[in-house]
Amino acid sequence: MPRIKKKGQAGAAKNYVTRNQAIRKLQISLPDFRKLCIWKGIYPREPRSKKKVSKSATSSTTFYYAKDIQYLLHEPLLQKFRDQKALEKKISKALGRGDVGDAARLEKNAARPEKTGKPRYTLDHVIKERYPTFIDALRDLDDCLSMLFLFANLPSTSSVPAKMIDRCSRLCLEFQHYLISSRSLTKSFLSIKGIYYQANIKGVDVLWLVPYKFNQRVVGDVDFRIMGTFVEFYMTLLGFVNFKLYTSLGLKYPPKFDQVMDENAAELGAFTLEGLTIAGTENGKQIESSTHKPDPKVQAEVDKVLKQIGNGEANDGEDTTAQDEAAEEEKAAGELDKFEVAAKGGDVLPQPEASDSSKRSLFANTTFFLSRETPRQPLELLLKAFGCKRVGWDAVLGDGAYTTNELDPSITHQIVDRPSTQAAAEASEDAEDNQTSQKLAANRRVPGRVYVQPQWVWDSVNDGEVREPHLYAPGTSLPPHLSPFVKSVNGAYDPTMPLEGQEPELEKLQAGSDDEEGEEDELAEDMDVAGSDDEDEEGEDAFGGFSADEDEEEEEDGDASEDDRQAELEAELAGGAVNSKSGDKKTKAKEDARKALAKKSREEAEDLERAKGMLSKKKRKLFEQMQYTNNKKSAEDEKLRAKRRKLEKEKQRKAKA
Amino acid sequence: MPVIQGPTSGDAPQTFNQPSRKGKKAWRKNVDVTEVQQGLQDLNEEIIQGGVIREKDSKDLFTLDTTRDTTISKRLPKHLKKGLKADEIIAARSAVPAVSLRKRPSKTTDGILPVKRQRTDWVSQKELSRLKRVADGQHDNTVEVRDATYDLWDAEPKKSEVQIDEFFPEPVHAKTPKSMKQAPLSLLANGKTEAAVQRPTGGYSYNPAFSDYEKRLAAESAKAIEAEEKRLADLEAARVRAEAAARSAAEAEAAEARANMSEWEEDSEWEGFQSGAEDGRPTKLPQRKTPQQRNRMKRRKEEERLQKHKAAMKARRVQEQKIAELAQEVSEKEQLRALMRQQRALAAGSDSEGEIGEQKLRRKQLGKYKLPEKDLELVLPDELQDSLRLLKPEGNMMRDRYRSMLVRGKVEARRHLPFKKQAKRKVTEKWTHKDFVI
């Protein structure tokens, strides 16, 4: 007979420990244990069979890996926790005795590490352990940034101390400064929850969510102790990440912080970035004196950057060097490789985006003014991150503006979110008078300036090109704000793309045969496409800063398009005969194509049927269900496309008439 | 005579009547220092009386008197009268001048008058309550907030050059267990870890495209309707159950009442009825197998085994013959699987992973408490605005972040405790009624 084994002595029971066992083993309190687990990245686990592991009957016991807990015993933070516990005991003893003064002294001494020689702890080593490389840290930055931006926008309460909020907002602003100076912001999206941002930092896409200002309610059912623990950890992490990012740009970290400006709500304006050269000697010493020595390679690179900056300053302003550098980069990069689909019907591969300077300096050479009803913080970040050097705003929105004078002649664009603003009719007469006074009357415009709603900035940024401002003029109904994070599916309807690019072959053929006019219409369509291009260009010209009322603009547009139409008609008249000759051929070719397509689809269907026969019943059901939903989806897309086709055609007809 | 006498003899200072030098009495604190103290006292007295005698010059102490004084007999009365001791004591003055008690203004001030307060080391009530909280373990952040001053990821690990001393063993560092690297337990049904920040779809836009918004609105309303229907169904079921319970209880009561009505049971053993008496058939006990039987069984088993083997061999041979067919079949299956995958990708919208959408949670919850419900983040059609200024943000980001942590399995759900657990009180009546006497 084999030896009888006792329960809980071997196997799964040895691999797991319950939370209470872990606490007893580590000799710390439950809140401390929670903290430690969050910082060290030890998560609750689930054994395959709870019954084999636990001795108790409760199903809600939390388990941890025994090895994890064993490893926690080596954690230096544990000693700090125990010290803290000892201090608590001393204080409570003194309080119990009634020696309040003693208790206060004990507490004060513990909080004054330079006097007592007992430093409070930092989480540096934990961060190094959790994120062995910088890329690891970047991958986890989504969570970190969302949390810190959220806490930076919270009102301070007893559970969220003001100090923590200050620290969070400062770190976030430093990070935003990096985004601005490195131009690494790629996309942004105004959602109902908050504002999403995406940045590409060292090739890693980082996505985070920033709440709208003054919106956060503090709710009761969220455990602030746990959230606070996460925030403490993430604050340390973002500090180190910021340091690394700043030094990679050749900037000094931390940037100079102006307390007075910050108190006046300057936010980004409260910081001044400094190159490493300015305080080079000091900083060098500091780095040497610390135990961690910089990597010689990185140091060499930084030196190189510094030298470049020095040269640039000697030559000219910073702008020229930046442009030169960008140009050099482009030259060096040459043309980017294009990844093509190897097999037909394969996945669409993500193409490497050209990090062209044009996209990154979308708003260069422009001056913006934000009216007082617009959200300043996100607009400031976006505009500056896409090349705008001069952003002014109403004095109500805080300090640090390029200008607070609404009538500044250098302003080219103004962002407003009011119902409608009237054009100043007697602009030429009033202009001088107005310039003496600071404010404009309500709903008056300054001539020679583009007025847009805030969404224009977001849509321009996401498209990578400046959108036509007349679509976003104040008072007009805006085009829908689409999410830039949705990747278009093969065959799905995409409103931003032209119809030709996205319709499948069969649909195209059908569409062609549906309209009675035949080729004429097609021809017109082609021409119209060209016409619309022209319009686009004009729109851009308008953006470039010419001053004209919108009516005038439209008139001009009308003139241009009329000219085009004239040309069209002439061409039609001239080529009418030729076209009619080739008509039969064309219809025949179309017929052939349709036949071929039908044959192909029939064959595919047959193949599918044969394949389906081999499946088990369960799988076949699943397959059919999937097919059904897909068909439904594609039918929807088809409907949408048909609608658009109809609209476009109507537009054409109107244009012709 | 010297004030402090050095050790007169060469031996160590002794205690009072030291019987042995082993016990506590031999300790230093018990060493007899009366001599020293006496000496110090003497010294003080001498100083008060006008200086240490030993330090004085002999001229001050002594005079050589060579001639007699003739006036003495005249000055001193015949019978010298002795004064009172008290007078003598009072008359004795110290040679050391007294410390002056006059108040002087301090030389430098900051110009601010000191606040008059009885006690300066007092602790305010606010501070006290904070201290009490600290004693309870509710101290605010103990992590020191510092600006990063070095590059964490550039610091190279120090190469150990400890080959110098082989005598000492190298310090052993704890190895990180592999289990630390495992991803946390996701609460999603498919077991995948959710993205920390999910990509928003077009329906979440503040100014959405109509099709996106409509799709989302339809989905959310379907969900809401389903939830409401479920709630109503639950209510109905509960009602039906309660009714049935009431009915059965009533029936049982009625039956009991009827049973009570009948005077005795109908089928009693008294009347010759007995239950279960007939079907007690005697069971046959298993007998021991004979060797013959055993052999027969063995033979049969062997035969069966052989037959099985033969069948398997035959099947294998057949299969070998149609290898080509099988290969084709396998390839077809592969193709089919690929097709399925493609369809699935199409159905899921190819890259919908990481987008905000329907989360299917797993059935089993982690820990004691349920995962909180997701907020409904939807602007109703009549509230939909196309101006950013008029936008009313939806949802609560704090709750959203917290829930995301829970879903990703970073922490387990906790319940909010608004109040501390109070001690249970029991209400009793005072027993004074027992004292009541008529």
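In chain A of this predicted model, β3(A) and β4(A) form a hairpin, with three residues between them. Strands are DSSP runs (E, at least two residues) and helices likewise (H or I, at least four residues), numbered from the N terminus. β3(A) covers residues 185-190; β4(A) covers residues 194-201. The two strands pair in the antiparallel sense over five bridges, where pairing requires that DSSP finds at least two bridges between them. Within this pairing, L190(A) stands opposite I195(A). β3(A) is mostly covered, with five of its six residues buried. A residue is buried if 20 or more other C-beta atoms lie within 10 Å of its own, exposed if 12 or fewer, and partly exposed in between, with C-beta atoms placed from the backbone.

Chain A comprises 657 residues, of which 28% count as buried. Its fold contains 26 helices and 11 strands. Among contacts in chain A with a separation of 6 or more, 63% join residues 24 or more positions apart. Contact means C-beta atoms, placed from the backbone, within 7 Å.

The contact between the chains takes 109 residues from chain A and 84 residues from chain B. On the chain B side, α5 (125-135), α8 (323-347) and α9 (397-407) each supply at least two residues. α8(B) gives the most, with 10 residues. This side of chain B divides into 38 nonpolar, 21 polar and 25 charged residues. Ala, Val, Leu, Ile, Met, Phe, Trp, Tyr, Cys and Pro count as nonpolar, Asp, Glu, Lys and Arg as charged, and the others, Gly among them, as polar.

Residues are numbered from 1 along each chain as its sequence is written, with chains lettered from A and ligands numbered from 1 in the order in which they are written. Local features need pLDDT of at least 70 and side-chain atom pairs count only at pLDDT 80 or more, whereas totals for chains, interfaces and linings use all residues.

Terms used: Contact = placed C-beta atoms within 7 Å.
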